[in-house]
Amino acid sequence: MLYSEKVMDHFSNPRNVGELEDANAVGEVGNAKCGDIMKMYMKIEDDIIKDIRFKTFGCGAAVATSSMATELVKGKTIQEALKVTNKAVVEALEGLPSVKVHCSVLAEEAIKATIADYYKRQGIDPAPIVGHTADCDNCQCHHG
Amino acid sequence: MIYVDHAATTPLKKEVLDKMMPYLTSEFGNPSSIYTSGRKAKIAINEARATLAGILGAKENEVFFTGSGSEADNWAIKGAAKMAKGKHLITSAIEHHAVLHTFDSLRKEGYEVTYLPVDADGLVSPQDLEKAIRPDTGLVSIMAANNEIGVIQPICELALISKEHKVPFHTDAVQAFGNMPVNVDDWGVDMLSISAHKIGGPKGVGALYIRRGTRVANFIHGGAQEFGRRASTENVAGIVGFAHAAKLADEHLDENIQKLTQLRDYYIKKVKETIPYCRLNGHPTKRLPGNANFSFEFIEGESLLLMLDMKGIEASSGSACTSGSLDPSHVLLAIGLAHEIAHGSLRISFGVENTIEQVDIIVRELAQIVQRLRDMSPLYEKVARKQV
(Lines give C-alpha, C1' and ligand atoms only; values in the text may rest on other atoms or scores of the structure.)
Protein backbone atom coordinates (compact mmCIF):
# COMPACT_ATOMS: atom_id res chain seq x y z
CA MET A 1 0.00 0.00 0.00
CA LEU A 2 1.51 3.27 -1.11
CA TYR A 3 0.44 6.80 -0.30
CA SER A 4 0.89 9.59 -2.83
CA GLU A 5 3.35 12.38 -2.07
CA LYS A 6 0.43 14.72 -1.57
CA VAL A 7 -1.07 12.42 1.09
CA MET A 8 2.27 12.19 2.87
CA ASP A 9 2.63 15.97 2.69
CA HIS A 10 -0.78 16.56 4.29
CA PHE A 11 -0.13 13.81 6.84
CA SER A 12 3.27 15.11 7.92
CA ASN A 13 2.29 18.80 7.76
CA PRO A 14 -1.45 18.83 8.35
CA ARG A 15 -3.10 22.21 7.54
CA ASN A 16 -5.54 23.79 9.99
CA VAL A 17 -4.96 21.26 12.74
CA GLY A 18 -6.18 22.02 16.26
CA GLU A 19 -9.20 23.60 17.90
CA LEU A 20 -10.95 26.89 17.10
CA GLU A 21 -11.91 28.80 20.22
CA ASP A 22 -14.47 31.09 18.60
CA ALA A 23 -15.99 28.36 16.45
CA ASN A 24 -19.72 28.63 15.88
CA ALA A 25 -20.02 25.17 14.38
CA VAL A 26 -18.55 21.86 15.50
CA GLY A 27 -19.09 18.48 13.90
CA GLU A 28 -17.79 15.07 14.77
CA VAL A 29 -18.05 11.91 12.66
CA GLY A 30 -16.62 8.43 12.85
CA ASN A 31 -16.23 5.88 15.55
CA ALA A 32 -13.27 5.03 17.79
CA LYS A 33 -14.06 1.36 17.33
CA CYS A 34 -13.37 1.65 13.61
CA GLY A 35 -10.24 3.62 14.30
CA ASP A 36 -11.36 6.90 12.70
CA ILE A 37 -12.84 10.02 14.31
CA MET A 38 -12.86 13.44 12.69
CA LYS A 39 -13.86 16.55 14.54
CA MET A 40 -14.21 19.80 12.63
CA TYR A 41 -14.52 23.36 13.92
CA MET A 42 -15.76 26.25 11.74
CA LYS A 43 -16.23 29.94 12.17
CA ILE A 44 -18.97 30.91 9.76
CA GLU A 45 -19.88 34.54 9.03
CA ASP A 46 -22.27 35.73 6.32
CA ASP A 47 -22.51 32.14 5.06
CA ILE A 48 -18.75 32.09 4.51
CA ILE A 49 -16.38 29.69 6.26
CA LYS A 50 -13.96 32.29 7.62
CA ASP A 51 -11.83 29.86 9.59
CA ILE A 52 -11.58 26.13 10.12
CA ARG A 53 -9.70 23.60 12.26
CA PHE A 54 -9.79 19.85 12.70
CA LYS A 55 -8.78 17.11 15.06
CA THR A 56 -8.50 13.54 13.90
CA PHE A 57 -7.94 10.16 15.51
CA GLY A 58 -7.01 7.83 12.70
CA CYS A 59 -4.56 6.55 10.14
CA GLY A 60 -2.37 8.54 7.76
CA ALA A 61 -5.14 8.79 5.19
CA ALA A 62 -7.63 10.00 7.82
CA VAL A 63 -5.29 12.84 8.83
CA ALA A 64 -4.49 13.74 5.22
CA THR A 65 -8.14 13.74 4.08
CA SER A 66 -9.12 15.90 7.08
CA SER A 67 -6.36 18.34 6.27
CA MET A 68 -7.27 18.48 2.58
CA ALA A 69 -10.99 18.83 3.32
CA THR A 70 -10.34 21.88 5.50
CA GLU A 71 -8.23 23.42 2.74
CA LEU A 72 -10.94 22.81 0.15
CA VAL A 73 -13.67 24.58 2.13
CA LYS A 74 -11.73 27.36 3.85
CA GLY A 75 -12.96 30.76 2.65
CA LYS A 76 -15.79 29.16 0.67
CA THR A 77 -19.50 29.73 1.07
CA ILE A 78 -21.60 27.10 2.78
CA GLN A 79 -23.18 26.18 -0.54
CA GLU A 80 -19.78 25.69 -2.12
CA ALA A 81 -18.56 23.67 0.85
CA LEU A 82 -21.56 21.37 0.66
CA LYS A 83 -20.61 20.54 -2.92
CA VAL A 84 -17.22 19.16 -1.87
CA THR A 85 -17.46 15.42 -2.35
CA ASN A 86 -15.20 12.65 -1.08
CA LYS A 87 -14.13 12.21 -4.70
CA ALA A 88 -12.93 15.81 -4.79
CA VAL A 89 -10.88 15.17 -1.65
CA VAL A 90 -9.34 12.04 -3.18
CA GLU A 91 -8.52 13.88 -6.41
CA ALA A 92 -6.96 16.78 -4.54
CA LEU A 93 -4.77 14.27 -2.71
CA GLU A 94 -3.73 12.69 -6.03
CA GLY A 95 -5.41 9.42 -5.13
CA LEU A 96 -5.88 7.15 -2.13
CA PRO A 97 -5.35 3.39 -1.81
CA SER A 98 -8.74 1.69 -2.28
CA VAL A 99 -8.84 0.45 1.33
CA LYS A 100 -8.53 4.08 2.45
CA VAL A 101 -11.32 5.61 0.38
CA HIS A 102 -13.67 5.41 3.39
CA CYS A 103 -11.46 8.06 5.04
CA SER A 104 -12.40 10.54 2.31
CA VAL A 105 -16.08 9.71 2.86
CA LEU A 106 -15.58 10.55 6.50
CA ALA A 107 -14.00 13.89 5.53
CA GLU A 108 -17.02 14.80 3.38
CA GLU A 109 -19.31 13.81 6.23
CA ALA A 110 -17.31 15.92 8.67
CA ILE A 111 -17.89 19.03 6.55
CA LYS A 112 -21.61 18.29 6.34
CA ALA A 113 -21.94 17.50 10.05
CA THR A 114 -20.22 20.75 10.98
CA ILE A 115 -22.43 22.82 8.70
CA ALA A 116 -25.48 20.97 10.05
CA ASP A 117 -24.40 21.98 13.55
CA TYR A 118 -24.18 25.61 12.38
CA TYR A 119 -27.78 25.53 11.18
CA LYS A 120 -28.96 23.78 14.33
CA ARG A 121 -27.42 26.55 16.43
CA GLN A 122 -29.35 29.06 14.30
CA GLY A 123 -32.55 27.16 15.03
CA ILE A 124 -32.78 25.99 11.42
CA ASP A 125 -33.46 22.38 10.55
CA PRO A 126 -30.32 21.35 8.60
CA ALA A 127 -31.85 18.28 6.97
CA PRO A 128 -33.33 20.00 3.88
CA ILE A 129 -30.10 21.94 3.24
CA VAL A 130 -27.36 19.52 4.24
CA GLY A 131 -29.16 16.25 3.68
CA HIS A 132 -28.62 13.20 5.80
CA THR A 133 -25.60 13.40 8.06
CA ALA A 134 -24.24 10.07 9.03
CA ASP A 135 -23.03 9.32 12.51
CA CYS A 136 -20.99 6.33 11.44
CA ASP A 137 -24.07 4.56 10.10
CA ASN A 138 -22.28 4.42 6.79
CA CYS A 139 -19.12 3.14 8.41
CA GLN A 140 -18.02 -0.16 6.91
CA CYS A 141 -16.87 -1.49 10.25
CA HIS A 142 -17.20 -5.22 10.81
CA HIS A 143 -17.49 -5.04 14.56
CA GLY A 144 -20.37 -6.94 16.10
CA MET B 1 17.82 3.83 10.11
CA ILE B 2 16.83 1.88 13.21
CA TYR B 3 15.23 -1.42 12.28
CA VAL B 4 13.15 -2.91 15.09
CA ASP B 5 10.78 -5.20 13.20
CA HIS B 6 12.65 -8.50 13.45
CA ALA B 7 9.40 -10.40 13.95
CA ALA B 8 8.52 -9.35 10.39
CA THR B 9 11.88 -10.28 8.91
CA THR B 10 15.58 -10.03 9.72
CA PRO B 11 18.58 -8.83 7.75
CA LEU B 12 20.41 -11.65 5.98
CA LYS B 13 23.64 -12.35 7.87
CA LYS B 14 26.83 -11.83 5.89
CA GLU B 15 28.18 -15.27 6.89
CA VAL B 16 24.92 -16.81 5.69
CA LEU B 17 25.13 -15.07 2.33
CA ASP B 18 28.73 -16.25 1.96
CA LYS B 19 27.61 -19.86 2.47
CA MET B 20 24.82 -19.38 -0.09
CA MET B 21 26.84 -17.69 -2.81
CA PRO B 22 28.43 -20.81 -4.39
CA TYR B 23 24.96 -22.29 -4.91
CA LEU B 24 23.76 -19.11 -6.60
CA THR B 25 26.78 -19.07 -8.91
CA SER B 26 29.19 -21.89 -9.76
CA GLU B 27 27.43 -24.79 -7.98
CA PHE B 28 24.17 -24.37 -9.81
CA GLY B 29 23.49 -28.05 -10.46
CA ASN B 30 20.09 -29.61 -9.93
CA PRO B 31 20.28 -31.80 -6.81
CA SER B 32 18.37 -34.52 -8.67
CA SER B 33 21.07 -34.77 -11.36
CA ILE B 34 23.64 -37.53 -11.01
CA TYR B 35 26.68 -35.64 -12.32
CA THR B 36 29.17 -33.80 -10.13
CA SER B 37 27.50 -30.39 -9.75
CA GLY B 38 24.15 -32.06 -9.03
CA ARG B 39 25.73 -34.36 -6.46
CA LYS B 40 27.42 -31.40 -4.76
CA ALA B 41 24.07 -29.66 -4.46
CA LYS B 42 22.45 -32.81 -3.12
CA ILE B 43 25.20 -33.21 -0.52
CA ALA B 44 24.71 -29.58 0.54
CA ILE B 45 21.00 -30.20 1.09
CA ASN B 46 21.69 -33.38 3.06
CA GLU B 47 24.14 -31.50 5.28
CA ALA B 48 21.65 -28.67 5.80
CA ARG B 49 18.97 -31.17 6.74
CA ALA B 50 21.30 -32.87 9.20
CA THR B 51 22.18 -29.52 10.78
CA LEU B 52 18.54 -28.53 11.27
CA ALA B 53 17.58 -31.99 12.50
CA GLY B 54 20.41 -31.83 15.04
CA ILE B 55 19.27 -28.46 16.36
CA LEU B 56 15.63 -29.57 16.60
CA GLY B 57 16.46 -32.93 18.15
CA ALA B 58 14.86 -34.65 15.17
CA LYS B 59 15.90 -37.40 12.77
CA GLU B 60 17.07 -36.30 9.33
CA ASN B 61 14.15 -37.98 7.58
CA GLU B 62 11.72 -36.03 9.74
CA VAL B 63 12.77 -32.59 8.41
CA PHE B 64 11.19 -31.40 5.15
CA PHE B 65 12.16 -28.16 3.46
CA THR B 66 9.35 -25.94 2.21
CA GLY B 67 9.02 -22.58 0.48
CA SER B 68 8.11 -20.74 3.69
CA GLY B 69 6.80 -20.99 7.23
CA SER B 70 3.30 -20.39 5.89
CA GLU B 71 3.67 -23.33 3.53
CA ALA B 72 4.84 -25.52 6.42
CA ASP B 73 1.72 -24.51 8.40
CA ASN B 74 -0.54 -25.19 5.42
CA TRP B 75 1.03 -28.57 4.82
CA ALA B 76 0.86 -29.66 8.45
CA ILE B 77 -2.75 -28.60 8.98
CA LYS B 78 -4.28 -29.60 5.65
CA GLY B 79 -2.16 -32.74 5.45
CA ALA B 80 -3.07 -33.94 8.94
CA ALA B 81 -6.74 -32.97 8.57
CA LYS B 82 -6.97 -34.97 5.36
CA MET B 83 -5.63 -38.10 7.05
CA ALA B 84 -7.57 -37.64 10.30
CA LYS B 85 -10.39 -40.01 11.18
CA GLY B 86 -12.55 -37.26 12.66
CA LYS B 87 -13.59 -33.90 11.30
CA HIS B 88 -12.96 -31.85 14.45
CA LEU B 89 -9.86 -29.67 14.73
CA ILE B 90 -8.53 -27.43 17.51
CA THR B 91 -6.44 -24.28 17.34
CA SER B 92 -6.15 -21.02 19.29
CA ALA B 93 -7.68 -17.61 18.73
CA ILE B 94 -4.30 -15.88 18.39
CA GLU B 95 -2.61 -17.92 15.65
CA HIS B 96 -0.82 -16.36 12.71
CA HIS B 97 -3.03 -15.99 9.63
CA ALA B 98 -1.09 -18.80 7.96
CA VAL B 99 -2.73 -21.09 10.52
CA LEU B 100 -6.07 -19.30 11.08
CA HIS B 101 -6.91 -18.89 7.41
CA THR B 102 -5.90 -22.50 6.73
CA PHE B 103 -8.41 -23.62 9.35
CA ASP B 104 -10.97 -21.26 7.78
CA SER B 105 -10.47 -23.01 4.45
CA LEU B 106 -10.99 -26.40 6.14
CA ARG B 107 -14.21 -25.19 7.74
CA LYS B 108 -15.52 -24.51 4.25
CA GLU B 109 -14.66 -28.11 3.41
CA GLY B 110 -16.84 -29.40 6.25
CA TYR B 111 -14.45 -29.56 9.19
CA GLU B 112 -15.47 -28.20 12.57
CA VAL B 113 -12.88 -26.01 14.29
CA THR B 114 -12.65 -25.08 17.97
CA TYR B 115 -10.71 -21.87 18.66
CA LEU B 116 -9.29 -21.93 22.17
CA PRO B 117 -9.46 -18.53 23.87
CA VAL B 118 -6.52 -16.89 25.63
CA ASP B 119 -6.42 -15.06 28.95
CA ALA B 120 -5.61 -11.36 29.35
CA ASP B 121 -1.89 -12.21 29.15
CA GLY B 122 -2.36 -14.10 25.91
CA LEU B 123 -1.95 -17.63 27.30
CA VAL B 124 -3.91 -20.70 26.23
CA SER B 125 -5.14 -22.77 29.17
CA PRO B 126 -4.23 -26.51 29.11
CA GLN B 127 -7.55 -27.18 30.89
CA ASP B 128 -9.39 -25.57 27.98
CA LEU B 129 -7.58 -27.87 25.57
CA GLU B 130 -8.42 -30.91 27.70
CA LYS B 131 -12.10 -29.93 27.63
CA ALA B 132 -12.11 -29.22 23.90
CA ILE B 133 -10.70 -32.56 22.76
CA ARG B 134 -13.39 -34.96 21.50
CA PRO B 135 -13.31 -38.52 20.16
CA ASP B 136 -13.42 -37.10 16.62
CA THR B 137 -10.62 -34.54 17.12
CA GLY B 138 -8.08 -35.01 14.34
CA LEU B 139 -5.50 -32.31 15.04
CA VAL B 140 -4.43 -29.70 17.57
CA SER B 141 -2.37 -26.74 16.33
CA ILE B 142 -1.17 -24.12 18.81
CA MET B 143 1.66 -21.70 18.16
CA ALA B 144 4.81 -21.79 20.31
CA ALA B 145 5.24 -18.01 20.49
CA ASN B 146 2.98 -15.29 19.17
CA ASN B 147 4.14 -12.99 16.38
CA GLU B 148 2.39 -9.87 17.70
CA ILE B 149 2.62 -9.98 21.48
CA GLY B 150 5.44 -12.52 21.76
CA VAL B 151 3.67 -14.65 24.35
CA ILE B 152 5.18 -18.11 24.80
CA GLN B 153 2.61 -20.88 25.21
CA PRO B 154 2.99 -23.86 27.59
CA ILE B 155 3.67 -26.13 24.60
CA CYS B 156 4.95 -29.11 26.65
CA GLU B 157 1.74 -29.26 28.68
CA LEU B 158 -0.49 -28.71 25.69
CA ALA B 159 1.29 -31.32 23.57
CA LEU B 160 1.16 -33.83 26.42
CA ILE B 161 -2.62 -33.46 26.73
CA SER B 162 -2.94 -33.96 23.00
CA LYS B 163 -0.72 -37.04 23.17
CA GLU B 164 -2.77 -38.55 25.99
CA HIS B 165 -5.78 -38.38 23.69
CA LYS B 166 -3.74 -39.70 20.72
CA VAL B 167 -4.35 -36.53 18.73
CA PRO B 168 -1.45 -35.25 16.58
CA PHE B 169 -0.08 -31.91 17.78
CA HIS B 170 1.36 -29.22 15.50
CA THR B 171 3.03 -26.02 16.58
CA ASP B 172 3.90 -22.96 14.53
CA ALA B 173 7.38 -22.21 15.90
CA VAL B 174 8.27 -19.61 13.28
CA GLN B 175 8.73 -16.87 15.91
CA ALA B 176 10.13 -19.16 18.60
CA PHE B 177 12.86 -20.83 16.57
CA GLY B 178 16.18 -19.07 17.00
CA ASN B 179 14.83 -17.01 19.90
CA MET B 180 14.41 -19.75 22.51
CA PRO B 181 15.36 -23.41 22.87
CA VAL B 182 13.27 -25.52 20.49
CA ASN B 183 13.48 -29.31 20.76
CA VAL B 184 10.78 -31.55 19.32
CA ASP B 185 11.22 -34.25 21.98
CA ASP B 186 11.40 -31.86 24.94
CA TRP B 187 8.20 -30.29 23.68
CA GLY B 188 6.62 -33.59 22.61
CA VAL B 189 5.21 -32.18 19.38
CA ASP B 190 4.39 -34.21 16.26
CA MET B 191 4.79 -31.39 13.76
CA LEU B 192 6.58 -28.05 13.90
CA SER B 193 6.92 -25.22 11.38
CA ILE B 194 9.95 -22.94 11.11
CA SER B 195 11.20 -20.25 8.73
CA ALA B 196 14.64 -19.01 7.65
CA HIS B 197 14.13 -15.27 7.23
CA LYS B 198 13.17 -14.71 10.87
CA ILE B 199 16.61 -15.82 12.04
CA GLY B 200 19.03 -14.06 9.69
CA GLY B 201 18.46 -16.45 6.80
CA PRO B 202 16.99 -15.81 3.34
CA LYS B 203 13.33 -15.34 2.47
CA GLY B 204 11.50 -18.08 0.60
CA VAL B 205 12.55 -21.10 2.64
CA GLY B 206 11.04 -22.84 5.63
CA ALA B 207 10.77 -26.34 7.02
CA LEU B 208 8.23 -28.69 8.50
CA TYR B 209 9.21 -31.29 11.07
CA ILE B 210 6.99 -34.36 10.90
CA ARG B 211 7.52 -36.98 13.61
CA ARG B 212 7.84 -40.47 12.17
CA GLY B 213 4.50 -42.22 12.25
CA THR B 214 2.43 -39.03 12.08
CA ARG B 215 -0.15 -39.36 9.35
CA VAL B 216 0.13 -36.35 7.04
CA ALA B 217 -0.85 -36.25 3.36
CA ASN B 218 1.86 -35.24 0.89
CA PHE B 219 1.76 -31.62 -0.15
CA ILE B 220 3.11 -30.99 -3.63
CA HIS B 221 2.95 -33.82 -6.14
CA GLY B 222 5.70 -34.22 -8.72
CA GLY B 223 9.31 -35.30 -8.38
CA ALA B 224 10.92 -37.29 -5.61
CA GLN B 225 12.30 -34.32 -3.68
CA GLU B 226 11.87 -34.18 0.11
CA PHE B 227 11.49 -37.97 0.31
CA GLY B 228 8.74 -37.81 -2.31
CA ARG B 229 6.48 -35.77 -0.06
CA ARG B 230 6.99 -32.23 -1.32
CA ALA B 231 8.00 -32.05 -4.96
CA SER B 232 9.86 -29.03 -6.42
CA THR B 233 13.46 -28.54 -7.40
CA GLU B 234 15.07 -27.52 -4.16
CA ASN B 235 15.98 -23.93 -3.29
CA VAL B 236 19.55 -25.10 -2.71
CA ALA B 237 21.07 -21.74 -1.75
CA GLY B 238 18.07 -20.95 0.46
CA ILE B 239 18.27 -24.30 2.23
CA VAL B 240 22.03 -23.95 2.78
CA GLY B 241 21.47 -20.42 4.10
CA PHE B 242 18.65 -21.56 6.37
CA ALA B 243 20.80 -24.25 7.96
CA HIS B 244 23.72 -21.89 8.49
CA ALA B 245 21.49 -19.19 10.01
CA ALA B 246 20.00 -21.83 12.32
CA LYS B 247 23.49 -23.01 13.29
CA LEU B 248 24.58 -19.45 14.14
CA ALA B 249 21.39 -18.79 16.08
CA ASP B 250 21.81 -22.03 17.99
CA GLU B 251 25.48 -21.44 18.83
CA HIS B 252 24.76 -17.94 20.15
CA LEU B 253 21.33 -18.67 21.62
CA ASP B 254 22.12 -17.97 25.28
CA GLU B 255 24.00 -14.72 24.68
CA ASN B 256 21.38 -13.56 22.15
CA ILE B 257 18.53 -14.21 24.56
CA GLN B 258 20.39 -12.31 27.25
CA LYS B 259 21.05 -9.34 24.98
CA LEU B 260 17.53 -9.17 23.54
CA THR B 261 15.95 -9.50 26.98
CA GLN B 262 18.07 -6.61 28.21
CA LEU B 263 17.01 -4.41 25.27
CA ARG B 264 13.36 -5.39 25.66
CA ASP B 265 13.16 -4.84 29.39
CA TYR B 266 15.00 -1.53 29.16
CA TYR B 267 12.61 -0.36 26.43
CA ILE B 268 9.55 -1.47 28.42
CA LYS B 269 10.79 0.31 31.53
CA LYS B 270 11.59 3.52 29.64
CA VAL B 271 8.26 3.61 27.82
CA LYS B 272 6.32 3.12 31.05
CA GLU B 273 8.34 5.90 32.70
CA THR B 274 8.05 8.31 29.78
CA ILE B 275 4.66 7.90 28.13
CA PRO B 276 1.38 8.08 30.05
CA TYR B 277 -1.72 6.10 29.07
CA CYS B 278 0.11 3.09 27.71
CA ARG B 279 -0.17 -0.61 28.40
CA LEU B 280 2.11 -3.53 27.68
CA ASN B 281 0.29 -6.25 25.74
CA GLY B 282 1.06 -9.87 26.51
CA HIS B 283 2.55 -11.62 29.51
CA PRO B 284 5.37 -9.53 31.05
CA THR B 285 7.89 -12.38 31.24
CA LYS B 286 6.51 -15.37 29.30
CA ARG B 287 7.34 -13.63 26.05
CA LEU B 288 9.97 -13.70 23.33
CA PRO B 289 13.18 -11.98 24.41
CA GLY B 290 12.99 -9.32 21.66
CA ASN B 291 9.26 -8.54 21.67
CA ALA B 292 7.57 -5.52 23.25
CA ASN B 293 4.01 -4.61 22.25
CA PHE B 294 2.44 -1.48 23.69
CA SER B 295 -0.92 0.17 23.20
CA PHE B 296 -0.97 3.95 23.38
CA GLU B 297 -4.40 5.32 24.14
CA PHE B 298 -6.14 7.99 22.02
CA ILE B 299 -3.97 7.45 18.93
CA GLU B 300 -3.95 5.17 15.93
CA GLY B 301 -1.14 2.79 15.02
CA GLU B 302 -0.62 3.51 11.34
CA SER B 303 -0.10 7.21 11.97
CA LEU B 304 2.39 6.22 14.65
CA LEU B 305 4.28 3.94 12.25
CA LEU B 306 4.40 6.57 9.51
CA MET B 307 5.78 9.19 11.89
CA LEU B 308 8.34 6.77 13.32
CA ASP B 309 9.38 5.96 9.76
CA MET B 310 9.92 9.68 9.09
CA LYS B 311 12.38 9.56 11.98
CA GLY B 312 14.08 6.53 10.48
CA ILE B 313 12.54 3.98 12.84
CA GLU B 314 10.94 0.90 11.30
CA ALA B 315 8.46 -1.00 13.48
CA SER B 316 5.04 -2.64 13.25
CA SER B 317 1.49 -2.20 14.49
CA GLY B 318 -1.61 -4.23 15.18
CA SER B 319 -3.83 -1.50 13.86
CA ALA B 320 -6.44 -2.23 11.25
CA CYS B 321 -5.01 0.27 8.85
CA THR B 322 -1.81 -1.66 8.33
CA SER B 323 -3.71 -4.80 7.38
CA GLY B 324 -6.17 -3.26 4.95
CA SER B 325 -9.23 -4.11 7.03
CA LEU B 326 -11.08 -1.92 9.49
CA ASP B 327 -10.77 -4.41 12.32
CA PRO B 328 -7.74 -4.22 14.56
CA SER B 329 -5.54 -7.23 15.29
CA HIS B 330 -7.39 -10.43 16.24
CA VAL B 331 -4.65 -11.10 18.78
CA LEU B 332 -5.17 -7.82 20.64
CA LEU B 333 -8.95 -8.32 20.58
CA ALA B 334 -8.48 -11.89 21.90
CA ILE B 335 -6.60 -10.64 24.97
CA GLY B 336 -9.58 -8.40 25.67
CA LEU B 337 -8.49 -4.98 24.40
CA ALA B 338 -11.22 -2.57 23.34
CA HIS B 339 -11.15 -1.82 19.61
CA GLU B 340 -10.03 1.78 20.11
CA ILE B 341 -7.11 0.69 22.32
CA ALA B 342 -6.12 -2.11 19.94
CA HIS B 343 -5.94 0.44 17.09
CA GLY B 344 -3.14 2.26 18.90
CA SER B 345 -0.62 -0.52 19.26
CA LEU B 346 3.05 -0.65 18.42
CA ARG B 347 5.14 -3.79 18.16
CA ILE B 348 8.87 -3.42 18.57
CA SER B 349 10.87 -6.58 17.91
CA PHE B 350 14.56 -6.25 18.62
CA GLY B 351 17.44 -8.01 16.94
CA VAL B 352 20.98 -8.56 18.16
CA GLU B 353 22.31 -5.67 16.08
CA ASN B 354 20.17 -3.18 18.04
CA THR B 355 21.74 -1.22 20.90
CA ILE B 356 20.73 0.44 24.16
CA GLU B 357 21.51 3.82 22.54
CA GLN B 358 18.98 3.03 19.82
CA VAL B 359 16.38 2.22 22.46
CA ASP B 360 16.95 5.67 23.97
CA ILE B 361 16.44 7.27 20.56
CA ILE B 362 13.30 5.22 19.91
CA VAL B 363 11.72 6.15 23.25
CA ARG B 364 12.60 9.83 22.82
CA GLU B 365 11.09 10.01 19.32
CA LEU B 366 8.15 7.85 20.33
CA ALA B 367 7.25 10.10 23.26
CA GLN B 368 7.22 13.16 20.97
CA ILE B 369 5.21 11.44 18.25
CA VAL B 370 2.65 10.05 20.69
CA GLN B 371 2.19 13.52 22.16
CA ARG B 372 1.88 15.09 18.71
CA LEU B 373 -0.77 12.59 17.67
CA ARG B 374 -2.61 13.00 20.96
CA ASP B 375 -2.66 16.76 20.50
CA MET B 376 -4.33 16.07 17.17
CA SER B 377 -6.78 13.51 18.59
CA PRO B 378 -10.34 14.40 19.57
CA LEU B 379 -10.25 11.42 21.96
CA TYR B 380 -7.50 13.06 23.99
CA GLU B 381 -9.29 16.39 24.46
CA LYS B 382 -11.22 15.34 27.53
CA VAL B 383 -8.13 13.89 29.18
CA ALA B 384 -6.09 16.97 28.37
CA ARG B 385 -8.79 19.23 29.85
CA LYS B 386 -8.78 17.26 33.08
CA GLN B 387 -5.04 17.79 33.38
CA VAL B 388 -5.33 21.57 33.08
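In chain B, the contact between helices α2(B) and α9(B) brings B:Ala41, B:Ala44, B:Ile45, B:Ala48, B:Thr51, B:Leu52 and B:Ile55 of α2(B) up against B:Val236, B:Ile239, B:Val240, B:Phe242, B:Ala243, B:Ala246, B:Lys247 and B:Asp250 of α9(B). Contact here means C-beta atoms, placed from the backbone, within 7 Å, and helices are DSSP runs (H or I) of at least four residues, numbered from the N terminus. By class, these residues split into 12 nonpolar, one polar and two charged. Ala, Val, Leu, Ile, Met, Phe, Trp, Tyr, Cys and Pro count as nonpolar, Asp, Glu, Lys and Arg as charged, and the others, Gly among them, as polar.

This is a predicted model, in which local features need pLDDT of at least 70 and side-chain atom pairs pLDDT 80 or more, while totals for chains, interfaces and linings use all residues. Residues are numbered from 1 along each chain as its sequence is written, with chains lettered from A and ligands numbered from 1 in written order.

Turning to domains, chain B is divided into domain 1 (14–251) and domain 2 (253–387), with bounds from an automatic or database domain assignment. Their contact takes 21 residues from domain 1 of chain B and 20 from domain 2 of chain B. The domain 1 side has 13 nonpolar, five polar and three charged residues.

As for B:Trp187, this residue lies in helix α7 (residues 184–187) of chain B. B:Trp187 touches B:Ile155, B:Cys156 and B:Ala159, leaving aside residues up to four places away in sequence. B:Trp187 and B:Tyr3 sit 184 residues apart in sequence and 32 Å apart in space, C-alpha to C-alpha.

Conventions
Two residues are in contact if their C-beta atoms, placed from the backbone, lie within 7 Å. Helices (H or I, at least four residues) and strands (E, at least two) are DSSP runs, numbered from the N terminus.
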